[in-house]
2 protein chains.
Amino acid sequence: MKNNAICSMDTDFAQWYTDVCKKAELMDYSSLKGFIIYRPYGYAIWENIQKYADEKFEETGHENVYMPMLIPENLLKKEASHVEGFAPECAVVTKGGSDSLEEPLMIRPTSETLFCEHYAKVVNSYRDLPKLYNQWCSVVRWEKTTRPFLRGSEFLWQEGHTIHATEKEAKEETLRMLNTYIDIANNLLALPVITGKKTEKEKFAGAEETYTIEALMHDGKALQAGTSHYFGQGFAKAFDMKFLDKDNTQKYVYQTSWGISTRLIGAVIMVHGDDNGLVLPPKVAPIQVMIIPIKENDEVKEKVDEIYNKLKAKNIRVKIDRSDKSPGWKFSDAEMRGIPVRIEIGPKDAENNSCIVAKRNDYTKQTISLDEIDTKTEEILEVIHREMLNKAENNLKQKTYTVEKMKDMEEKLNQGGFVKAPWCGKESCELKVKEQLQATTRCLCTDKIENKKCVCCGENAETYVYFARAY
Amino acid sequence: MKNNAICSMDTDFAQWYTDVCKKAELMDYSSLKGFIIYRPYGYAIWENIQKYADEKFEETGHENVYMPMLIPENLLKKEASHVEGFAPECAVVTKGGSDSLEEPLMIRPTSETLFCEHYAKVVNSYRDLPKLYNQWCSVVRWEKTTRPFLRGSEFLWQEGHTIHATEKEAKEETLRMLNTYIDIANNLLALPVITGKKTEKEKFAGAEETYTIEALMHDGKALQAGTSHYFGQGFAKAFDMKFLDKDNTQKYVYQTSWGISTRLIGAVIMVHGDDNGLVLPPKVAPIQVMIIPIKENDEVKEKVDEIYNKLKAKNIRVKIDRSDKSPGWKFSDAEMRGIPVRIEIGPKDAENNSCIVAKRNDYTKQTISLDEIDTKTEEILEVIHREMLNKAENNLKQKTYTVEKMKDMEEKLNQGGFVKAPWCGKESCELKVKEQLQATTRCLCTDKIENKKCVCCGENAETYVYFARAY
């Protein structure tokens with residue numbers, strides 16, 4: 001079962017990850033550290049995520065826009081905690097053409113400030129609200145340690161920025177988009193997630209509240225996979241975003257922002273992959289079915305075309321591998337690329353008007369009559385999605401622990417997973433856990449808590465919180 | 001007929017253009033010169049162009065990828081004529097995070113060098129060819145004079161980059177993509193174009209041949225609307241892009257690149273617009289039909305919903321304007337935004353089971369029974385496309401002149417349009433015409449030429465060439 005082109009997951013998970021990224025041709029390195037090339041197969045996954053997300057955004061009334069890539073330094077500085085968070089990791093343009101610039105320009109690390117400046121100009125009355133804008137673009141954050149899809153100096157993402165007349169509406173929007181992200185994770189990517197509010201220490205620079213979805217990777221580490229922020233009126237005041245309300249008074253708007261990125265590709269790799277390579281959830285797979293003819297005579301060819309046409313008619317993304325490689329090579333190539341379903345058909349199958357359908361996720365095979373290959377394949381793709389989600393859910397459940405003592409937490413963290421523990425709410429305890437156990441708070445847990453002591457300091461606990469070692 | 005919110009086209013075309021861009025809410029200025037905000041309505045036009053182009057690219061076997069946004073200076077320098085063309089207009093990043101960079105990084109003005117570097121790494125054998133990649137992104141070119149959509153320091157575009165085993169294939173690809181651009185111009189945007197090869201002086205930095213599509217704006221000036229380049233082996237040699245051919249020898253690849261940009265939005269505005277604002281070709285219009293209820297009682301409401309549902313069922317992009325504005329305000333708003341079809345329906349129409357359908361392009365109105373509103377609207381949208389294309393074609397024909405003398409050329413250029421003239425082929429004559437008449441060569445004309453003298457120097461002419469004043 002083990003593909004020798006890549007390292008085994010359990011031998012060296014980081015090496016396995018890099019091998020899969022490269023061998024499945026998802027990406028390549030450029031000569032500039034932290035800036036990767038999204039190859040066709042990797043980019044097609046991203047396009048499928050975009051398509052699904054765009055539909056959800058549109059259903060909820062959002063509109064796409066495009067803002068400038070560069071932010072004047074003074075604009076970025078307008079909101080104090082925001083600039084503090086982002087200025088240290090900006091790429092700075094100091095020359096344009098042959099001229100030195102008077103004011104340095106930052107390549108956007110995120111675009112709150114640009115949206116705020118625009119909103120302040122175009123919004124006058126309650127009639128102009130809400131504004132529900134979204135942008136697909138790349139952003140740059142100068143990172144010291146980088147890894148394909150997980151942490152790059154440049155990455156692709158979407159950033160939604162909305163403004164509302166009331167606090168209630170803005171808070172609803174924050175949670176609506178969090179739920180959209182849960183939908184994308186579960187229903188498109190077969191990724192179960194833990195979700196909740198970030199602590200004060202971990203929230204977004206400039207936000208009042210940050211909600212997150214957190215997934216659990218195969219190696220037991222957590223990955224933040226999407227965030228939704230409620231800003232209150234902080235930016236509104238800094239950027240003078242006011243509107244005339246129905247009661248004829250000027251009010252500041254309430255604001256949100258939310259984002260998911262190409263990190264999701266990293267999550268898919270690390271949650272579903274195995275020692276033979278990528279395992280793609282069917283709904284996001286650029287190729288859902290690969291047909292591999294074996295000893296292709298006229299009859300096989302005819303049947304292969306029949307299968308292809310029947311699947312196409314069902315809008316299944318199907319390809320035929322007629323390259324001059326051996327069937328064995330083609331099997332492992334389809335496995336490496338994580339194609340959910342492989343159909344094998346040779347002269348004997350053709351004679352019987354059947355073919356062999358192999359599932360990537362569990363390596364099971366079944367013989368299926370060509371008369372029902374289209375409906376059966378559709379069903380199998382659905383089944384694969386459910387099986388992948390279930391498997392990942394079980395893994396997440398098994399690796400989510402509740403502890404009350406530091407030493408138990410250490411033990412569980414060493415095994416890998418989320419560790420739910422009572423917490424006093426003080427940053428000093430977060431810092432101490434990070435220093436001692438290399439784990440951070442991932443999000444608050446809303447479970448009721450009574451008479452518990454903080455896992456770290458032993459004082460009264462305010463809440464449960466999920467700790468994990470994280471990417 | 002004249003909308004007072006915008007300047008008249010014939011009074012001040014430049015002001016009219018800016019007014020339309022702003023009042024139709026296509027864009028807004030940011031605080032950074034040359035960097036515009038693509039507002040939802042403008043960006044939706046671009047998304048429709050992307051969708052149409054992507055289908056054409058996919059049909060011809062192209063794949064989307066994403067390359068880094070930054071190019072190390074040394075990489076850009078690898079091909080001599082290319083760097084000469086682009087280095088003077090690059091935005092340069094000299095700081096990353098808190099560190100000064102050892103090597104300056106250019107924000108991509110175009111991505112040939114990045115594609116070359118990647119291709120050199122991943123292509124080994126003739127089996128790996130052709131590579132047919134495309135990228136949608138934004139690029140930065142530091143411009144002194146900028147105008148929304150037409151010339152910006154940042155603009156959105158697609159750049160295709162392909163490599164091939166033979167010269168013949170690469171040349172075919174260059175023309176195939178030129179033809180795709182003609183298709184997009186004619187069949188999506190209702191834009192007729194003149195097409196042909198650029199002169200040596202006007203071709204792309206690094207290309208052997210550049211083909212162009214050129215459209216004629218309402219004010220008689222030309223606009224380069226798309227280009228397709230054949231590179232030969234220039235970049236291949238500079239970047240060592242070699243492959244092992246079937247005959248077992250190492251060969252350099254042959255290369256192309258081709259691009260269209262948000263300039264096309266500018267072309268649509270300036271070819272089709274009128275004194276009441278934008279006039280959008282139906283296929284690219286974000287809203288194809290706006291239904292405006294008048295004195296909406298229960299019966300009208302019912303009929304409005306019926307129309308809406310029938311058009312939706314035909315996949316027509318339809319909206320209902322139920323804002324609290326007056327019908328007159330709504331009519332001119334729909335006109336300003338160039339919505340191809342407006343449907344008006346009041347109590348009397350509802351009683352008659354009919355509505356009034358107004359065409360944006362020629363202001364004609366017709367009464368149509370609700371029983372056939374869906375099929376008729378479909379037809380009318382088709383008719384509008386043909387009428388807009390025909391009108392623009394007639395305008396292009398009428399304003400394309402053939403001259404043999406400088407003084408005639410001057411007269412025609414003053415009237416506005418393309419001027420076809422015999423040309424000796426020398427750059428000195430191009431420069432002289434530019435200096436004296438502010439006109440440039442747009443493209444070569446393949447018409448047969450015999451015994452003609454160069455319009456500029458009077459020596460034997462090699463070819464006809466189109467001159468025009470251009471954006």
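**Figure 1. Pairing of strands β5 and β6 within chain A of the predicted model.** Strand β5(A) is joined to strand β6 of chain A, residues 99-107, by four bridges. The two strands run antiparallel.

**Figure 2. Pairing of β5(A) with β5(B) across the two chains.** Strand β5 of chain A covers residues 91-96 and is joined to β5(B) by five bridges. The direction of this pairing is antiparallel. A:A91 has B:G96 as its bridge partner in β5(B).

**Figure 3. The open sheet of six strands, with members from chain A and chain B.** Read across the sheet, the order is β4(A)-β6(A)-β5(A)-β5(B)-β6(B)-β4(B). Pairing in this sheet is antiparallel. At the edges are β4 of chain A, residues 70-72, and β4 of chain B, each of which pairs on one side only. From one strand to the next, the twist averages 45°.

**Figure 4. The contact between chain B and chain A.** Chain B gives 42 residues to the contact, and chain A gives 42 residues. On the side of chain B that touches chain A, the elements with two or more residues are β2 (36-38), α2 (40-59), β3 (63-64), β4 (70-72), β5 (91-96), α5 (112-122), β7 (131-140) and β8 (154-164). Strand β5(B) supplies the largest share of this side, six residues. Sorted by class, the side of chain B that touches chain A has 24 nonpolar, nine polar and nine charged residues.

**Figure 5. The relation between the two copies, chain A and chain B.** In chain B, B:V93 has the C-alpha nearest the axis, 2.1 Å from it. Both copies use the same surface, since 100% of the contact residues of chain B recur in chain A.

**Figure 6. The crossing of helices α2 and α6 in chain B.** Helix α6(B) spans residues 167-188. The axes of α2(B) and α6(B) come within 11 Å and cross at roughly 140°. Because of this angle, α2(B) is oblique to α6(B). The crossing in which α2(B) passes α6(B) is right-handed. From α2(B), the contact is made by B:I49, B:Y52, B:A53 and B:K56, and from α6(B) by B:T180, B:D183, B:I184 and B:L188. These contact residues of α2(B) and α6(B) divide into five nonpolar, one polar and two charged.

**Figure 7. The crossing of helices α9 and α12 in chain B.** Helix α9(B) runs over residues 298-313, and helix α12(B) over residues 373-398. Their axes come within 9 Å and cross at roughly 60°. Because of this angle, α9(B) is oblique to α12(B). Here too a right-handed crossing is found, with α9(B) passing α12(B). The contact is made by B:I307, B:K310, B:L311 and B:A313 of α9(B), together with B:I373, B:D374 and B:T377 of α12(B). By class, the residues in the contact of α9(B) with α12(B) are four nonpolar, one polar and two charged.

Terms used. Residues are numbered from 1 along each chain as its sequence is written. Chains are lettered from A and ligands numbered from 1 in the order in which they are written. This is a predicted model: local features need pLDDT of at least 70, side-chain atom pairs count only at pLDDT 80 or more; totals for chains, interfaces and linings use all residues. Axes are lines fitted to C-alpha atoms, for helices over the stretch in contact, and angles run from 0 to 180 degrees between N-to-C directions. Angles under 35 degrees count as roughly parallel, over 145 as roughly antiparallel, 65 to 115 as roughly perpendicular and the rest as oblique. A crossing is left-handed if the near helix is turned anticlockwise from the far one by less than a right angle, and right-handed if clockwise. Two residues are in contact if their C-beta atoms, placed from the backbone, lie within 7 Å. Ala, Val, Leu, Ile, Met, Phe, Trp, Tyr, Cys and Pro count as nonpolar, Asp, Glu, Lys and Arg as charged, and the others, Gly among them, as polar. Two strands pair if DSSP finds at least two bridges between them. Copies are superposed by least squares on the C-alpha atoms of residues with pLDDT of at least 70 in both.
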